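Here is a short briefing for a reader who is new to this structure. Please look over the sequence and the model before reading on.

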Amino acid sequence: MRILFITSTRLGDAVLSTGLLDVLLARYPQARFTIACGPVAAALFDAMPRRDRTIVVTKRRYDLHWLSLWRDCVGTRWDLCVDLRGSAVTLFLPARRRAIMRGGRRQGARIMHLGGVLGLSPPPLPVMWTAPADRAQARALLPDGIRWLALAPTANWVGKIWPAERFVALARTLQAQRGPLRPVILYGPGEAERAMASAVLSALPDAVDAGGHFTLPQVAALLARCQGFIGNDSGLMHLSAAVGTPTLGLFGPSRMSEYGPVGRCARGIAAPGPEGSAPIAGLEVAAVADAAIGLLDDAGPVPDGAMSVVA
């Protein structure tokens, strides 16, 4: 059985879609999968079981990327095509069944819209696949015997970014109230991401720099070793929730009702004001600290790699 799964160019949306793949893996134990996604999300599926290949869909002028994808896929007789991009490409592929997400961006939780593509209510929780080498590397960098706190102070646009000095104050507040918690600073590849994280790194000399050069499965394995995660609305936030780490997402002008973190122990906190326009600077350190402590108390002990899936 051959399944084509077309998912997002954005990391957060791609992470949210992994629950559907987990359902399909269980429903069709003999199926082989081809994943089509954007370059940022491609490594997300590196350790996925029964994945034949990942087709990286790079946006081109005049929507020519869809023609390229069609050329890559038209030679296969597909048993099921799942298209979460709402494109027309699967209509022109030989397929026994199709499930196409319609309507573009809509109000309400994105995870609910994704589940509806396969008629799943409630929708399945996101998952993350890691390999033994990923988990071994994570254990070497974040060894046992230390309570690790993941902080993600970057995002893909400035309106989402909580001020760096508040991340620093938050880390110190939690250390004072909850005992030893050693920060782990995560951020994406590239100089811009590194620059956004640098103020937090320089102000927390005991922090582990875990950003910039790790693959997504490696980052997931690192997150699975952390007592908790606090970060801006970003792909890292969704990745943390997917591995089962207690996750607190920080929201300002982005919509928590649509893109709040989804996982076994995940929640968001939004700046006061109208959703979609509230400045994230309105989030005070005390409010975030209270929410983080409540989250950690509710979560209890976090098993290593609680929700990650072995390849």
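The points below cover a sheet and its helices, the salt bridges and the cysteines.

This is a predicted model. Five parallel strands make up an open sheet, and a search of the whole structure finds twelve salt bridges. The count of disulfides comes to zero.

**The sheet**

- The five strands of the open sheet run in the order E3-E2-E1-E4-E5, with parallel pairing.
- Strand E3 (51-56) and strand E5 (95-100) are the edge strands, and each of them pairs on one side only.
- From one strand to the next, the twist averages 15°.
- Five bridges join strand E4 (residues 78-83) to E5 in the parallel sense.
- In this part of the sheet, Val82 stands opposite Ala99 in E5.

**Helices on the sheet**

- Helix H1 (residues 11-27) packs on the sheet, where it touches strand E1 (2-6), strand E2 (32-37) and E4.
- The direction of H1 makes about 170° with that of E1.
- Helix H2 (residues 64-73) also packs on the sheet, and its contacts are with E1, E2, E3 and E4.
- The direction of H2 makes about 155° with that of E3.

**Salt bridges**

- Asp13 and Arg110 meet through their side chains in a salt bridge, at 3.0 Å from N to O. Asp13 lies in helix H1 and Arg110 in helix H3 (residues 110-117), so this pair ties together parts that are 97 residues apart in sequence. Asp13 and Arg110 are both buried.
- Asp144 and Arg225 also meet in a salt bridge, at 2.4 Å from N to O. Asp144 is in the loop between helix H4 (132-141) and strand E7 (148-152), while Arg225 is in the loop between helix H7 (216-223) and strand E10 (228-232), so the pair ties together parts that are 81 residues apart in sequence. Asp144 is exposed, with a relative accessible area of 54%, whereas Arg225 is buried, with a relative accessible area of 12%.
- Arg255 forms a salt bridge with Glu275, and their closest N and O atoms are 3.5 Å apart. Arg255 sits in the loop between strand E11 (247-251) and helix H9 (256-259), and Glu275 in the loop between strand E12 (266-270) and helix H10 (285-299), so the pair ties together parts that are 20 residues apart in sequence. Arg255 is partly exposed, at a relative accessible area of 32%, and Glu275 counts as partly exposed at 38% relative accessibility.
- A network of salt bridges links Arg2, Arg32 and Asp52.

**Cysteines**

- A disulfide requires a pair of cysteine sulfur atoms within 2.5 Å, and by this rule the count is zero.
- For Cys73, the closest cysteine sulfur belongs to Cys81 and is 7.5 Å from its own sulfur, which is too far for a bond. Cys73 is buried, with a relative accessible area of 0%.
- For Cys265, the closest cysteine sulfur is that of Cys226, and the 14 Å between the two sulfurs is too far for a bond. Cys265 is buried, with a relative accessible area of 10%.

Notes
Residues numbered from 1 in each chain as written. Predicted model: local features only at pLDDT ≥ 70, side-chain atom pairs only at ≥ 80, totals over all residues. Heavy atoms only, no water. Buried < 20%, exposed > 50% of the residue type's maximum accessible area, 1.4 Å probe, protein only. Pairing = 2+ DSSP bridges. Helix = DSSP H or I, 4+ residues; strand = E, 2+ residues; numbered from the N terminus. Axes fitted to C-alpha atoms, helices over the stretch in contact; angles between N-to-C directions. Contact = heavy atoms within 4.5 Å. Salt bridge = Lys/Arg side-chain N within 4 Å of Asp/Glu carboxyl O.
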